[in-house]
Number of protein chains: 2
Amino acid sequence: MVKITDVARHAGVSPSTVSYALSGKRPISAETRERIEASIRELGYRPHAGARALASSRSNVLALVVPFRSGIHVPVVMQFAVSVVTTARQHDHDVLLLTQEEGEEGLRRVADTALVDALIVMDVQLHDARLPLLRALDRPSVLIGFPAEPAGLTCIDLDFAAAGGACVTHLAELGHRCVALVGSPPEVYLRRTGFAQRVTQGFTAAADERGLTSTVHPCEATPAAAQAMAERLLREHPELTGVVVHNEPVVQPLIEAFRRLGLRVPEDLSVVAICPDELAEQAPLPISSVAVPTARIGARAVELLMRKLDGLEVPEATMLPPWLTRRATTAPRGG
Amino acid sequence: MVKITDVARHAGVSPSTVSYALSGKRPISAETRERIEASIRELGYRPHAGARALASSRSNVLALVVPFRSGIHVPVVMQFAVSVVTTARQHDHDVLLLTQEEGEEGLRRVADTALVDALIVMDVQLHDARLPLLRALDRPSVLIGFPAEPAGLTCIDLDFAAAGGACVTHLAELGHRCVALVGSPPEVYLRRTGFAQRVTQGFTAAADERGLTSTVHPCEATPAAAQAMAERLLREHPELTGVVVHNEPVVQPLIEAFRRLGLRVPEDLSVVAICPDELAEQAPLPISSVAVPTARIGARAVELLMRKLDGLEVPEATMLPPWLTRRATTAPRGG
DNA sequence: TGATCAAGTCGAATCGCTTCGACCACGAGA
DNA sequence: TCTCGTGGTCGAAGCGATTCGACTTGATCA
């Protein structure tokens, strides 16, 4: 293995000069720097991560805690993960993957052993058991999702309440008077996951404000559940003309179920989803939707973390505004 | 931060004794060990990962390279990842997440900087550009999937050829005489990904052997493509009664498309899939399938790696035998 | 009664890098 | 002319573990 002293000898300088040339923390003459860079290339030098971490007390590794429980949509998690990794690399950091299962002990472990410099936590519950730990930890963290009490933490997410509201507004402007929200599976509500509740709040508030009739229905993430839900909605709310879906796996099956029940989409029934754009775009009939901007959220989370690592202040709450794209599944009521 | 010397002082022993008590590499009297463990608990000591890596030249971190390209089924990737992380933790290792995008340079980087001890690579192509590098690297690796030339590497995967064959055998034993394979998207074949080709080979060979009429059809991973595929199959092969699907997102849509075209499943048409059991089980009509045992493969990959890290010999090729579970989508021909 | 050996412990070297303080040379300002 | 600051470099002291050799002690065996 070639080490920094080898490079130094080869370039005719001291090890510290090589280090400074690499880090840029002290000025090095252009001439010397070039000589060093040439030696590095020639010898194929790579700084030893462990040694670097020991000496600098920076590992240049971020922890990412991913959920893998029922009720969460796996492709969305993966999109977050990929965008976190990609962005981290742009900032010269790597990403250590932790599962929710490891729990608090896992977080403490990677933080206390200095294996990671900072943490990103996904799928935060309203009263998440990990919050006290994250607040107490000596390492910075960013939560994707909002707990009930975000004070003292850095959180980022789509503004799900506004997203729910935007869907209602869209339907209301198209003349719809009776709307329903088909939401996440019941266990997600039981776990008291923030985004599910916020969508409901935004949805209900906007409907009330505009005087629409509205109902909310959690729904299992299976085609069979979608079918049952469609039947139930038509039975219980015959005057229903607008549906908001916040449950990725169910969007398409639900539309198909309504069709089977004899309703045309969007002529008889408008459907608007809250889901990643990819999913909305590549449906057979492109779906009007509020985007869940996974890539932006992941990238932003990393950037917030980098700023915190640099000792800079960052906002405690970052709520990305919703953006509704009208596609083929919404139309004016009765037309 | 509390370090090993603090523990040593507190327990009245030397640092090396603490180290040996922790690693078990030299005998330590029970009494001393208990004293040390008490001190560790009391002081809340955690060995510094970087220091440990530097001194022992072991980081206790594994790299996992995940694909995120079109044509691969994201939930399957996630299942692998979770099982790799879980198993790695059981062996006191962590997992660093790399994306395919980082390419060879990424592999070289984490290996050369000693950031990781070993690598797991998913989604291996038949003539993967990374193979020479993996062979040359001084760190052990395991591939999930088989390249054309696996010599000198350690590979593990489901025996996809046998899986294709098992599906045909199952259909043949039910009396079917004309079968079709609906496979992965065309780009997967174009990339020359091993498993796609192997399924085809096994499928065709088994059909030939038993004198069945057979055809093979790559298929985009969308509901619309599934619909088109169903129509085309019925048009071009009116005598078709058995379909093998190796394309997760399309399984369910394809069955629905056949139904819409007036075929009853399984009475008129038997369908057998190659997919994770979860997907087959939770379909509205449970699907007869050969399992893709993601959890087992991931766990096994880690165990192979651990053995290699311990300097033990491991088999170059590990092919898990297919296991077909008959569920509700296959029935005797004409029955 | 030594010689031998294993168990149990210690001290010191080492892993490869970063960083701090010091030093030199040189141009600018007084 | 003397200082002062600054660009550029070096040497040495860590960072916090692991590991190797050596030492003590007591038991075992001839």
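The following dialogue goes through the contact between two chains and some features within each chain of a predicted model.

Tutor: Residues are numbered from 1 along each chain as its sequence is written, and chains are lettered from A in the order in which they are written. In this predicted model local features need pLDDT of at least 70, side-chain atom pairs count only at pLDDT 80 or more, and totals for chains, interfaces and linings use all residues, while side-chain values use heavy atoms, with hydrogens and water left out.

Student: What makes a residue part of the contact, and how many residues come from chain A and chain B?

Tutor: Contact means heavy atoms within 4.5 Å, and by that rule chain A gives 41 residues and chain B gives 41 residues.

Student: How is the area buried between chain A and chain B defined, and what is its value?

Tutor: Buried area is the accessible area, taken with a 1.4 Å probe, that two parts lose on being put together, summed over both; here that comes to about 3700 Å², with carbon and sulfur atoms giving 68%. Of the area that chain A buries against chain B, 18% is supplied by A:Arg46, A:Met78 and A:Leu97, more than by any other three residues.

Student: Why is the pair A:Arg46 and B:Glu105 called a salt bridge?

Tutor: The term requires a side-chain nitrogen of Lys or Arg within 4 Å of a carboxyl oxygen of Asp or Glu, and the closest N and O atoms of A:Arg46 and B:Glu105 are 3.3 Å apart, so the pair qualifies. The count between chain A and chain B is 8 salt bridges.

Student: Which element gives the largest share of the side of chain A that touches chain B, and what is the division into nonpolar, polar and charged residues?

Tutor: Helix α5(A) gives the largest share, 9 residues, where helices (H or I, at least four residues) and strands (E, at least two) are DSSP runs numbered from the N terminus. That side of chain A holds 26 nonpolar, 5 polar and 10 charged residues, with Ala, Val, Leu, Ile, Met, Phe, Trp, Tyr, Cys and Pro counted as nonpolar, Asp, Glu, Lys and Arg as charged, and the others, Gly among them, as polar.

Student: What makes β9 (residues 270-275) of chain A mostly covered?

Tutor: Buried means under 20% relative accessible area, exposed over 50%, and partly exposed in between, with a 1.4 Å probe and protein chains only; 6 of the 6 residues of β9(A) are buried. A:Ser270, A:Val272 and A:Ile274 point one way and A:Val271, A:Ala273 and A:Cys275 the other way, and all are buried. Strand β8 (residues 242-245) of chain A pairs with β9(A) in the parallel sense over 4 bridges, and A:Val245 has A:Ala273 as its bridge partner.

Student: Why is A:Ala114 called buried, and what is its phi?

Tutor: A:Ala114 has a relative accessible area of 12%, under the 20% cut-off, and therefore counts as buried. Its phi is near 60 degrees, a positive value in a residue other than glycine. Most residues other than glycine have a negative phi, and most peptide bonds are trans.

Student: Where is a cis peptide bond found in chain A?

Tutor: A cis peptide bond joins A:Val265 and A:Pro266, with omega about 10 degrees, and A:Pro266 is in the loop between α12 (251-260) and β9 of chain A.

Terms used:
Pairing = 2+ DSSP bridges.
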